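Dear colleague,

Please find the structure handed over below, together with its sequence.

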Amino acid sequence: MAVSISIAILLTVCFVGFYVPVPSLASSSDDFLGCLMTEVPSQLVLTPGSPSFKPLLVSSIRNARFLAPATAMPPLCIVTPTNASHVQAAVRCGRAHGVRLRVRSGGHDTEGLSSRSQRPEVFAVVDLAKLNNVHVDPQEATAWVDAGATIGELYYAVSKAAPGLGFPAGVCPTVGVGGHFSGGGQGLMMRKYGLSADNILDASIVNADGILLQDKKAIGDDLFWAIRGGGGVSFGIVLSFKVRLVPVPPTVAYFSVTKTMDQGAVEAVTKWQTVAPALPDDLTVRVNVQQREANFQSLYLGNCSAVVATLRDQLPELNLTRADCREMSWVQYVAYIYFGDAINNAPLEALLLNRTMTLGRFYKNKSDYVKEALTKDAWEKIFTWPSGAAEGQLVLEPQGGRMGSIAADDTPFPHRAGVLYNIQYLESWVGGNSTTTPSWINTIYDFMEPLVSQNPRAAYANYRDLDIGVNQVVGGVSTYESGKVWGERYFGGNFQRLAMIKGKVDASDYFRNEQSVPPLLS
């Protein structure tokens with residue numbers, strides 16, 4: 001099975017009869033809408049009575065679990081700003097009239113919190129998709145990218161304006177820049193260049209008072225630190241980032257090799273755990289474990305001859321040959337690893353600039369970080385773990401390289417030295433009860449507990465998982481103690497600093513969701 005196709009299957013969602021009840025509007029809601037209409041053009045504010053409301057809301061919901069009535073409390077309205085003043089108006093009107101905001105850039109929040117609330121509250125969605133400009137400066141090797149752009153749009157713009165430059169970010173091109181960067185931004189060049197967040201040079205943000213802070217000097221050192229891996233939506237609405245672009249060679253190498261258990265998949269993955277983090281930092285080999293098979297995929301910033309020679313020496317279990325490897329440009333690679341052979345039949349812009357996704361399945365995510373290699377016996381159990389009617393998949397991405405040389409408190413993302421690799425658990429299924437998760441992901445996650453990082457058991461903020469904890473709200477403010485339960489798993493020892501910054505910039509906890517950083521007042 002081609003893993004690029006299997007990932008696409010697992011990341012797609014379906015439209016399953018989405019019910020949009022019209023919320024009961026209290027006077028504060030009416031006042032909020034009236035306030036908005038005085039500052040934002042009416043065509044940019046969609047309410048449930050508009051024929052465009054439902055298609056727009058659904059357009060960026062990536063998980064069918066959040067389309068069903070049981071989990072889909074609709075927003076009061078969707079604001080689609082085209083400039084910063086519209087975002088400022090949404091914040092000012094929301095604060096004045098008691099309406100909270102959910103912020104959506106690409107819609108890939110794995111718990112759907114960019115467009116829904118688990119709690120009964122009146123809220124609006126600020127959809128940043130129209131704020132998607134990318135301005136590349138080839139001479140400076142930088143780019144300003146709006147938070148509503150997708151990483152596919154960023155990749156394409158960089159490749160056109162500055163051949164020979166790229167940017168380290170994720171695999172899925174429809175992921176929004178705003179959420180991806182502010183949560184860290186893992187990707188297949190992180191061993192060479194670090195996370196997306198490690199390459200942020202500047203930013204602009206609308207704060208909790210509705211004030212536009214146009215650069216890092218106005219933002220201040222603490223808040224600028226927080227939005228580079230600490231989750232921007234806890235602190236304001238990030239509008240844009242200035243990023244450092246990185247050198248990429250004219251040709252990169254890609255291979256995809258699948259091993260069944262009979263062909264030594266268990267042995268290969270067992271060895272991969274210690275080999276992959278120690279490879280040259282311009283070589284990343286990730287693994288997808290699914291249906292008793294392991295698929296090994298590479299990104300090498302060089303040619304096939306070199307990567308084949310390296311892996312025949314370091315990981316001979318793959319039996320890698322030159323025929324398994326293909327060379328292409330970096331921008332072709334970022335399209336190919338997601339779309340596969342579709343790039344042979346469609347121009348790159350049709351793939352990388354397309355914000356839509358095929359609707360298909362329900363899914364659930366979890367994550368872990370591994371510091372000590374699992375035994376062969378453990379992997380044999382994982383490979384044969386029963387999944388029932390659902391599809392279960394583990395995505396293993398190695399760290400080491402540059403990731404291991406950045407201090408744990410350099411940004412809020414703490415998972416650095418000593419981490420061998422991270423795990424993303426994905427389970428997908430068709431239909432059924434939208435509030436019930438099939439058993440594979442929960443049972444295998446429980447099995448893994450003694451085998452992964454401890455005290456706390458770490459997790460990646462961009463693979464949000466409400467099972468590990470949600471905020472408790474007391475007196476209108478999220479409590480620090482309830483936030484610590486999940487927050488220290490995402491941010492380690494950086495969580496307290498994040499909460500103190502939140503206390504300075506948003507003490508009333510206006511920017512609040514089920515896993516937003518709570519304010520810690522000194």
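Predicted model: local features only at pLDDT ≥ 70, side-chain atom pairs only at ≥ 80, totals over all residues.

Salt bridges

Side chains of opposite charge can pair when their charged atoms come close. A search of the whole structure returned 26 salt bridges.

One of them links Arg-355 to Glu-153, with 3.2 Å between the closest N and O atoms. Arg-355 sits in the loop between helix 13 (348-352) and strand 16 (362-370), while Glu-153 belongs to helix 5 (residues 151-161), so this pair ties together parts that are 202 residues apart in sequence. Glu-153 has a relative accessibility of 10% and therefore counts as buried, the cut-off for buried being under 20%.

A second example is the salt bridge between Asp-222 and Arg-497, at 3.0 Å from N to O. Here Asp-222 is part of helix 9 (residues 221-226) and Arg-497 is part of helix 17 (residues 495-505); the pair therefore ties together parts that are 275 residues apart in sequence. Asp-222 counts as partly exposed at 30% relative accessibility, and Arg-497 likewise counts as partly exposed, at 33%.

Asp-509 and Lys-502 also meet through their side chains in a salt bridge, with an N to O distance of 3.5 Å. Asp-509 is buried, its relative accessible area being 0%, and Lys-502 counts as buried at 0% relative accessibility.

Strand 14 and its partners

Which strands pair with strand 14? Strand 12 (residues 252-260) runs antiparallel to strand 14 and is joined to it by six bridges. Within this pairing, Val-257 has Phe-296 of strand 14 as its bridge partner. Strand 13 (residues 283-290) also pairs with strand 14 in the antiparallel sense, over eight bridges. Arg-286 stands opposite Gln-297 of strand 14.

Strand 13 and strand 14 form a hairpin with two residues between the strands, and in this hairpin Gln-291 takes a positive phi near 50°.

Is strand 14 mostly covered or mostly exposed? Strand 14 (residues 293-300) is mostly covered, seven of its eight residues being buried.

With kind regards

Key: Residues numbered from 1 in each chain as written. Heavy atoms only, no water. Salt bridge = Lys/Arg side-chain N within 4 Å of Asp/Glu carboxyl O. Helix = DSSP H or I, 4+ residues; strand = E, 2+ residues; numbered from the N terminus. Buried < 20%, exposed > 50% of the residue type's maximum accessible area, 1.4 Å probe, protein only. Pairing = 2+ DSSP bridges.
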